[in-house]
Each structure stands twice: as C-alpha cells, then as structure tokens.
Amino acid sequence: MGLRVTILGCGPSGGVPQIGGEDGRGWWGECDPANPRNRRTRSSIVVEAATGERLLVDTGPDLRDQLLAAGIGRVDALLYTHHHADHIMGVDEVRVLNRLVGREIEAFGMPETLESLQRRFDYAFLPSTAPMFFRPAMLPRPVEPGQTIRTAGMEVELLLQDHLVMRTLGLRIGGFAYSTDLVRMPEETLGRLHGLDTWVVACFQRPPHKGHANLEQVLDWVGQLKPRRTVLTHMGAHLDHGWLRANLPPGVEPGHDGMELDVPAPA
C-alpha cells in the first residue's frame with residue numbers, strides 16, 4: 001500500500017474569496033464564485049501512511065473546519081513548513097487532537113519556526129494537562145533541510161526552499177512531494193525531486209511575484225522533473241479553477257479543498 005494525501009486547503013494567506021467585495025461577501029478576483037472548487041481555505045495537507053498513521057503539515061487558521069470536512073478525526077504528528085500566520089494560527093485546535101491520541105504531539109520544524117511558535121504560543125509548550133488537555137501540548141522537534149526523519153510511520157525527507165523573506169521546508173515521502181510557499185529552489189532540492197509519482201506544488205498566480213512561484217515557473221519545474229501527476233496548491237484569486245482545467249498541460253491540474261490523492265508505494 002502507498003500513501004493517501006488529503007489537501008485540506010489550497011488557498012493563499014487571505015483565502016478565496018478574500019474578505020471584501022462590493023457586497024461585503026467576498027472578493028473573488030478572476031475566480032468564478034459559482035464554482036465551489038474556487039472556494040479555497042488556507043494551505044495544509046494530511047499524509048496518511050499505509051499503517052493508518054497521519055502526518056499533519058501546518059496548522060492554519062481554518063484547521064477545525066478542514067478536518068471536519070475531510071472526516072479526519074486524528075493525527076499522529078505535526079510538521080511545520082514555516083511560521084507565516086496562515087500556516088500556524090490553528091495551533092489551538094491541537095488541544096483536541098491531543099485528546100484524541102491521548103498524548104503530547106511531536107511538532108517538527110526548523111529552529112526559527114519552532115522559536116516563533118514558542119514565542120507566540122508559549123502555553124502550547126508547557127507541561128501537558130493530560131488527560132483533559134485544557135491547552136495544546138506539543139513537543140518541539142528541531143530539524144534542518146537535508147535531514148530524513150521518521151514519524152507517523154513514514155520516512156520524511158526534508159528539503160530546503162526559498163520564500164524570499166525566509167527559508168521554508170518542502171518534503172518528500174516515497175513518490176510524493178509537497179512544496180508550498182517558495183519562489184526558488186536550490187539545485188540540490190530540485191535534484192531530490194526527480195522520479196516523483198505525485199507532486200503538490202504552490203502556484204500563486206500567473207504574473208511573476210517576489211515571494212511566490214508563478215505559473216510559468218511551476219511549469220518549468222514540471223518540465224524538468226516530469227512527475228506523473230502535478231497538483232497545484234496555494235492558488236490566489238487570479239487562478240480560476242475552470243481556466244486552469246482548460247489551459248494546463250496534461251498531467252498538471254488545480255487542487256481543491258478536500259481533494260484526496262492516492263500515491264502508490266514505490267516499485
């Protein structure tokens with residue numbers, strides 16, 4: 001058996017629609033509000049191993065609703081890609097995840113990411129209040145790009161990415177990789193992404209952006225790496241789902257909230 005990946009959310013920091021709009025019910029940009037797949041919450045995934053153990057990547061502000069919508073009632077470990085607000089502000093939901101597994105939950109991240117979490121959510125790193133867990137209980141596990149860690153029944157290779165204002169973590173598990181919030185990748189990271197079955201990669205918009213990869217960049221990477229399947233995430237309001245479906249090359253598609261991907265085990 002391979003992996004099951006659930007895209008909890010595939011939107012940017014403000015989500016789609018963003019707050020605002022002429023009627024105050026949301027600004028959709030170029031996205032068609034009649035298409036439910038254009039409604040995007042903040043980016044996060046869950047990776048489920050063949051053992052049934054689950055790794056949650058990032059705890060964004062929409063986490064509660066995302067887990068309920070996806071029918072995911074338990075996770076076994078956390079991995080943080082970086083400490084921007086749209087990837088961490090659901091920390092308080094970890095309290096219920098603690099109750100469900102009956103213990104503290106390991107939280108992997110780069111030292112600067114964990115330092116930011118500990119500064120902003122110091123109570124989540126105090127001794128636990130088990131068994132009721134009146135506050136989140138996370139065990140910090142500092143990691144660096146280039147390491148391979150074992151957690152939630154999986155070997156997770158950690159990859160360096162450039163988000164302009166900070167470095168971020170990508171990850172590879174067997175034939176699956178996840179690359180969010182990046183504008184450049186070191187050659188060494190690109191080299192570690194060959195031979196993929198499924199790649200979920202951030203694509204913010206069509207024009208160039210200082211801190212995020214745009215569509216041309218992502219398609220150039222796809223041309224170099226040639227994964228069997230590429231799914232776009234972290235898409236802004238200028239990337240309409242229908243337009244993407246009609247204009248992307250074969251093997252590349254837009255993600256949507258709640259999307260499930262089955263990734264076969266390497267042969």
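Glu115 and Arg119 sit together in helix H3, 4 residues apart, or about one turn of the helix. Helices here are DSSP runs of H or I with at least four residues, strands are runs of E with at least two, and both are numbered from the N terminus. The two side chains form a salt bridge, with the closest N and O atoms 2.7 Å apart. For that label, a side-chain nitrogen of Lys or Arg has to come within 4 Å of a carboxyl oxygen of Asp or Glu.

Before going on, keep in mind that this is a predicted model, where local features need pLDDT of at least 70 and side-chain atom pairs count only at pLDDT 80 or more, while totals for chains, interfaces and linings use all residues. Residues are numbered from 1 along each chain as its sequence is written, and side-chain values use heavy atoms, with hydrogens and water left out.

**More on helix H3**

Glu115 is partly exposed at 41% relative accessibility, and Arg119 is exposed at 53%. Buried means under 20% relative accessible area, exposed means over 50%, and partly exposed is in between (1.4 Å probe, protein chains only). Thr113 is also found in H3, but this residue is buried, with a relative accessible area of 1%. Leaving aside residues up to four places away in sequence, Thr113 touches Tyr80, His82 and His83. Touching, or contact, means heavy atoms within 4.5 Å.

**Other salt bridges**

The structure holds 19 salt bridges. Here are three of them.

| Pair | N to O distance | Relative accessibility |
|---|---|---|
| Glu115 and Arg119 | 2.7 Å | Glu115 41%, Arg119 53% |
| Arg103 and Asp76 | 3.8 Å | Arg103 34%, Asp76 14% |
| Arg192 and Glu157 | 2.7 Å | Arg192 35%, Glu157 18% |

Take the side chains of Arg103 and Asp76, which meet in a salt bridge. Arg103 lies in the loop between helix H2 (94–101) and S5, and Asp76 in the loop between H1 and strand S4 (77–79), so the pair ties together parts that are 27 residues apart in sequence. Arg103 is partly exposed, whereas Asp76 is buried.

Then there's the salt bridge between Arg192 and Glu157. This pair links distant parts of the chain, 35 residues apart: Arg192 is in the loop between H4 and S11, and Glu157 is in strand S8 (residues 154–162). Arg192 counts as partly exposed and Glu157 as buried. Elsewhere, salt bridges that share partners join Arg4, Glu260 and Asp262 into one network.

Now for the strands. An open sheet of 7 strands runs in the order S6-S5-S4-S3-S2-S1-S14, with mixed pairing. Strands S6 (138–142) and S14 (259–263) stand at the edges with a single partner strand each, so one side of each has no neighbour in the sheet. On average, neighbouring strands of this sheet are turned by 20° against each other, direction ignored. Two strands count as paired if DSSP finds at least two bridges between them. Strand S1 (residues 3–9) pairs with S14 in the antiparallel sense over 5 bridges, and Arg4 has Asp262 as its bridge partner in S14.

Helices pack on this sheet too. Helix H1 (residues 63–70) touches S1, strand S2 (44–48) and strand S3 (54–57), and its direction makes about 135° with that of S1. Helix H3 (residues 111–120) touches strand S5 (105–109) and S6, with its direction at about 155° to that of S6. Axes are lines fitted to C-alpha atoms, for helices over the stretch in contact, and angles run from 0 to 180 degrees between N-to-C directions.

**Another sheet, from S7 to S13**

Another open sheet has 7 strands in the order S7-S8-S9-S10-S11-S12-S13, and its pairing is mixed. Strand S7 (148–151) and strand S13 (252–254) are at its edges, each with a single partner strand, so one side of each is left without a neighbour in the sheet. Neighbouring strands of this sheet are turned by 25° against each other on average, direction ignored. Strands S11 (residues 198–202) and S12 (residues 229–233) pair in the parallel sense over 5 bridges, and Val200 stands opposite Val231 in S12.

Helix H5 (residues 215–225) lies across S11, S12 and S13, at about 155° to S11. Its buried residues include Leu215, Val218, Trp221, Val222 and Leu225. They cover an arc of only 125° around the axis, which puts them on the same side of H5; the arc is that of the directions from the helix axis to the C-beta atoms. Among the elements covering the buried residues of H5 are helix H4 (187–191) and helix H6 (241–247). Just after H5, Lys226 takes a positive phi of about 55°.
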